[in-house]
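Please look at the sequence and the model below.

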Amino acid sequence: MRKVKCEGCGRRTPSFEIVNYGGIEQGYKQLCRRCFNTEAATAAGLDDFQHVDFEPVLLTDHAGKVHKFHFGVFLFGTGVALDAFELRDGNPGGYQFQVVAEPEEDLLALLGRLIEKMRRALAIKHIDDGEHGLQIAGPKVVRGLIDWDAEQGGSAPLLVIDGQEISWDEFGRMVAGFEGFQFKLEIRDKSEEI
Ligand SMILES: [Zn+2]
């Protein structure tokens, strides 16, 4: 896991937790989430905002597989986002979830809301690993996340379905079995319930 020294508190922090904060005139600082949120709260006049670092949580999916989730709190102008993510090779990957709230909302209550959302999602299986490889499972509804596929350089996305990375080609093969059927594609913000 690549670590970067926070220019606020000096703590060596995983690179995915580092935020570039500042502007062209005053320059940019590399800050950990705690230092970033503290500065953002001061700038927004949110005197009561208290950053919280949540410990990782283990949750079990529909197949009984255990997933370890890390959390990140991110304060932005009009709200606070709480992210949950797994790590793959030291970087966020696999299942990823987010909830967004007003900055005044209690972060522990927000964590409870996020974990309920994660439980609901982990209970659902969208793809089956059958004798012909990966297939779209019974109800024929697929939910997932659109990610960046470094190998494709932006010409095709990487999909994350059931916490598994699925290439666009692989997904195409899974859909090709439904020739003659219709489909409906909706794209929603990460914080929405789908
Ligand atoms: Zn810091």
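The following paragraphs take up these topics in turn.

This is a predicted model, in which local features need pLDDT of at least 70, side-chain atom pairs count only at pLDDT 80 or more, and totals for chains, interfaces and linings use all residues. Residues are numbered from 1 along each chain as its sequence is written, and side-chain values use heavy atoms, with hydrogens and water left out.

The structure holds 11 salt bridges, a salt bridge being a side-chain nitrogen of Lys or Arg within 4 Å of a carboxyl oxygen of Asp or Glu. The table gives some of them.

| Pair | N to O distance |
|---|---|
| Lys 190 and Asp 83 | 3.7 Å |
| Arg 120 and Glu 193 | 3.0 Å |
| Glu 186 and Lys 184 | 3.2 Å |

Helices (H or I, at least four residues) and strands (E, at least two) are DSSP runs, numbered from the N terminus. Asp 83 is buried at 12% relative accessibility, whereas Lys 190 is partly exposed at 32%; buried means under 20% relative accessible area, exposed over 50%, and partly exposed in between (1.4 Å probe, protein chains only).

Just after H1, Gly 45 takes a positive phi of about 70°.

On the other hand, Phe 183 is exposed, with a relative accessible area of 73%, and Phe 183 is found in the segment after helix H3 (168-176).
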